[in-house]
Amino acid sequence: MSNAVNYRLKGDIGIIEISNPPVNATSHAVRKGLLAALENAEQEANAALIVGAGRTFIAGADISEFGKPPKKPGLPDICNRIEASPIPIVASLHGTALGGGLEVALAAHYRVAVPTAKVGLPEVTLGIIPGAGGTQRLPRLIGAEAALGIITSGRHVPINEAYQVGLVDQISDGTPEENGLAFIHDLLSKGHGPRPVSGIPAPKPVDFDAWHAKTLKSGKGQIAPATAVRAVEAASTLSFLDGLKRERELFTELMASPQREGLIHAFFAERAVSKLPELKGIDPREIAKVGVIGGGTMGSGIATACLVAGLDITLIERDAQSAEAARTKVETFLKAAIKRGKLSEDAFAKITSTTFRTATEYTALAEADLVIEAVFEDMDVKKSVFATLDSICKPEAVLATNTSYLDVNEIAAATSRPQSVIGLHFFSPAHVMKLLEVVVADATSAETTATAFTFAKRLRKTAVRAGVCDGFIGNRILAYYRTALDNMVLDGASPYQIDKALTAFGMAMGPFAVSDLAGLDIGWATRKRKAATRDPRARIPTFADRLCEMGRFGQKTGRGFYIYEEGKRGGIKDPEVEEIIAKERAALGITPRSFTEEDIQRRFLGALINEAARVLADGIARRPLDIDVTLLYGYGFPRWRGGPMKWADIAGLSGILSDIRTFAAEDAYFWSPAPLLEHLVAEGRTFEDLNKEHTS
Ligand code: 3H9
């Protein structure tokens, strides 16, 4: 028997324990072990219990085996074999029973669980559907409607809810083994035998076409959830065996899709971002008390994120009135967190009475373990804040700036302890957005960096390491692709057409709608700041300046590229904007030309990948996967495409380079190809090869 599965006889019950840390995924060794253990149990036991060793039952199939040649026995065979067993089989769940793990439990004849367990079929989040009978057994057990809700969302279902719909038979305190054994003793004493789910009549049909249409629409280009609807439909309309066949066909199709490749890349990339070789063995500093300077939207959002994570917060504002306004803002954010189920009423009461306070003097930060500055984006202001912090904070405190583009080295130099200074670039709204760029300056110590990563984890944020440059990873790449889009507007495309083309590609929002949300005045200020040093060959989106001159700053003023009407979600197109753009083109002597959706997407992606390659070559991002995670979590790049670098690998780097060279014929300055991209193409290598170089 393999070490991945332990088998022993306890009385007349065979105990089959999956032991494949960290999450008991059903690797080849587990599948072989399960089969052998089952055969043993059937020979000598009156019933068998399947449990997981360690922190969880089974979190699913082993994702790292996907894309490789399958090895027998497959999980569907194992599940069918479990269900067909002549002795009753009970699965006792704890931790998570997900994907193939839940499918094993569904193949068992009975299911018990501890109160903290969660179950789910999250396969669609990986670009596939359940492939070991989940789409056929779950609807039989709980009905098509409830099964569709679980399978198409991929969500982790709390065990109480699972119990209420009949997915598990009993919830008990105690260890999984105790729970399972007690259940089996009861079962045997009542003379109950095997109870295969496949024997339950087919679920009543629901309006599968409506489910399919709805799921396809909300998938925004992602196909797995809608495909899952068709698999569940098969449970209603076909025999169990034919349904299994249909599930396999659909599963196999998706397994071969680029969406599966992209989503699985995203799964591993988001776990790899926090693994930095230089932090191995480095202990982070303790963080309990945090100071936040500035109570604007960003500072208040940061304070909220920290408070929800249970940290003690002192927020500094310049006067009592601003401090009170910040307190109100934070309380509003916290109340919204209660509504979203992220915070309890009790925790809110505790936060507002004890762990959150505002102050107007920096001396209130003397005991802070970490201070995050979120004041106005001005180098002189920031330097003076850091000089003050240096004189007040305890020597072991970490001093962080939330700047989105300023030079963190220069800020660190304003202190006598640059080793303790780091950038923590939050994304707005900071209590909601999951991305945190950890900007490591030249003198930042490994201990400070390790502390920042641990802090991010505490906040349940995904932290990406970035180096110092204007815009770090994300905003630097954004500025470049945004220029490509603005140039297209100058040349004849409308902002609305561009937004439509890029949401069709899968971006969460169109870039012009995003600018309206962020405020057009931000880009305007940046253009003014850079005007003196701008290369004369660079083109200027004067149409955006005209909008700002008219006070059209976006959502906050009711007008930007779009018009925002009170009480309505999203903006509507404004013909006046098109007129302003047309006038600017005429003033610049540009004859407008037309762009297709594909033209727009190719330019957007060409620019994004070109600048991303430079960001890599400059060491601002160490690995392509760091860029993927940044764009996925902070910029609305579609997860099912894996991130821009993964998308580029799948699309083919030589095609992208050839696009860039073609565009260079129109504007050689902007479209000069990144040398790294040229090298990769010349050597026939990919971004994934660079990821591997950094992890091997
Ligand atoms: C499936 O089951 C298909 C079947 O229907 C059909 C088959 C025919 N495989 O997330 P963590 C690793 S599809 C391999 O940091 P947490 C993970 O990479 C599968 N490895 O912990 C990490 O490794 P490292 C359906 C896996 O406590 C380590 O385990 N199942 C797998 O925050 C710890 O993970 C899913 O989609 C796996 N299945 O969260 C569930 N899962 O330490 C996917 C994890 O080297 N997993 N690893 O970085 C999860 O959602 C979370 O891992 C879980 C734990 C909630 C379980």
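This short talk walks through a few local features of the structure shown above.

What you see is a predicted model, in which local features need pLDDT of at least 70 and side-chain atom pairs count only at pLDDT 80 or more, while totals for chains, interfaces and linings use all residues. Residues are numbered from 1 along each chain as its sequence is written, and side-chain values use heavy atoms, with hydrogens and water left out.

Let me begin with R476, which sits in helix α18, residues 474-491 (helices are DSSP runs of H or I of at least four residues, strands are runs of E of at least two, and both are numbered from the N terminus). Is R476 buried or exposed? R476 is buried, because its relative accessible area is 14%, and buried means under 20%, exposed over 50%, and partly exposed in between, with a 1.4 Å probe and protein chains only. The side chain of R476 makes a polar contact of 2.9 Å with the side chain of D618; such a contact is a pair of N or O atoms within 3.5 Å, where within protein one must be able to donate a hydrogen and the other to accept it, and residues adjacent in sequence count only if both atoms are side-chain atoms. Leaving aside residues up to four places away in sequence, R476 touches several others, among them C469, E611, R614 and D618, where contact means heavy atoms within 4.5 Å.

C469 is itself buried, at 16% relative accessibility. F472 lies in the loop between β17 (462-466) and α18, and although F472 is not a glycine, its phi is positive, at about 55°. F472 also counts as buried, since its relative accessibility is 0%.

A second residue other than glycine with a positive phi is K220, where the value is near 45°. K220 belongs to the loop between α8 (208-218) and α9 (224-237), and K220 counts as exposed, because its relative accessibility is 53%.

Finally, a search of the whole structure for disulfides, meaning pairs of cysteine sulfur atoms within 2.5 Å, finds zero.
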